[in-house]
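Subject: Structure handover

Hello,

Here is the structure I promised you. Please open it next to this email and follow along.

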Amino acid sequence: MTTKNLYTRQPAEIVMYSVDWCPDCKRAKFFFKRNEIKVVEVNVDNDEQGAMFVREVNSGSRSVPTIIFPDGSILVEPSNEELSEKFSKS
């Protein structure tokens, strides 16, 4: 995946903007791993462009995880139930 696809509301792959220390981010990462769903991760502590994009998407807040899907949908700090529901419709 090229970086031009990272900072868009319709990426080519699922992109999860996260940080290493966030419990919700760890839970979402585990959900994707357990369900064998490929995700491109962007650590917004280490990627200023990613951090700016997350703020843009979330009305100025750096809410993580922010997960953007190729269909243009966005989940912010989703529960496991919300993630399961998203993939049951896919």
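Cys22 counts as buried, at 6% relative accessibility. Keep in mind that this is a predicted model. Cys25 is buried as well, with a relative accessible area of 0%.

**Helix α1**

Next, find α1, residues 23-34. The helix has 12 residues, which at 1.5 Å a residue should span 16 Å. The C-alpha atoms at its ends are 16 Å apart, in agreement with that.

Which residues of α1 are buried? They are Cys25, Ala28, Phe31 and Phe32. Look down the axis of α1: the buried residues fall within an arc of 120°, so they line one face of the helix. They pack against β1, β3 and α3 (80-88). Now turn to the other side of α1. Pro23 and Lys33 are exposed there.

Glu36 follows α1. You will find Glu36 in the loop between α1 and β2. Its phi is positive, near 55°, and Glu36 is not a glycine. Glu36 is exposed, with a relative accessible area of 74%.

**Helix α2**

Move on to α2, residues 48-57. Its buried residues are Gly50, Ala51, Phe53, Val54 and Val57. Seen down the axis of α2, they fall within an arc of 160°, so they too line one face of their helix. What covers them? The cover includes four strands: β1 (15-18), β2 (40-43), β3 (66-68) and β4 (74-76). On the other side of α2, Glu48 and Glu56 are exposed.

Both ends of α2 deserve a look. At the N-terminal end, Asp47 caps the helix. One of its side-chain oxygens lies 3.2 Å from the backbone nitrogen of Gln49. Just after α2 comes Ser59, with a positive phi of about 55°. Ser59 is a residue other than glycine. It sits in the loop between α2 and β3. Ser59 is exposed, with a relative accessible area of 73%.

**A cis peptide bond**

Stay in the loop between α2 and β3, where Pro65 has its place. A cis peptide bond joins Val64 and Pro65. Omega there is about 0°.

**Salt bridges**

Side chains of opposite charge can pair when their charged atoms come close. How many salt bridges are counted here? The count comes to seven. Three of them are described below.

Start with Lys38 and Glu13. Their side chains meet in a salt bridge, at 3.3 Å from N to O. Lys38 lies in the loop between α1 and β2, and Glu13 in the segment before β1, so the pair ties together parts that are 25 residues apart in sequence. Are these residues buried or exposed? Lys38 counts as exposed, at 61% relative accessibility. Glu13 is partly exposed, with a relative accessible area of 22%.

Now go to Lys29. Lys29 forms a salt bridge with Asp20, and the closest N and O atoms are 3.8 Å apart. Lys29 is partly exposed, with a relative accessible area of 22%.

Lys29 also forms a salt bridge with Glu41. Here the closest N and O atoms are 3.3 Å apart. This pair links distant parts of the chain: Lys29 is in helix α1 and Glu41 in strand β2, 12 residues apart. Glu41 is partly exposed, with a relative accessible area of 45%. Salt bridges with shared partners join Asp20, Lys29 and Glu41 into one network.

**Where to begin**

Colour the buried residues of α1, Cys25, Ala28, Phe31 and Phe32. Then colour those of α2, Gly50, Ala51, Phe53, Val54 and Val57. After that, pick out the network of Asp20, Lys29 and Glu41.

Best wishes

Note on methods
Residues numbered from 1 in each chain as written. Predicted model: local features only at pLDDT ≥ 70, side-chain atom pairs only at ≥ 80, totals over all residues. Heavy atoms only, no water. Buried < 20%, exposed > 50% of the residue type's maximum accessible area, 1.4 Å probe, protein only. Helix = DSSP H or I, 4+ residues; strand = E, 2+ residues; numbered from the N terminus. Arc of directions from axis to C-beta. Contact = heavy atoms within 4.5 Å. Polar contact = N/O pair within 3.5 Å; in protein donor to acceptor, adjacent residues only side chain to side chain. Salt bridge = Lys/Arg side-chain N within 4 Å of Asp/Glu carboxyl O. Expected span 1.5 Å × (residues − 1).
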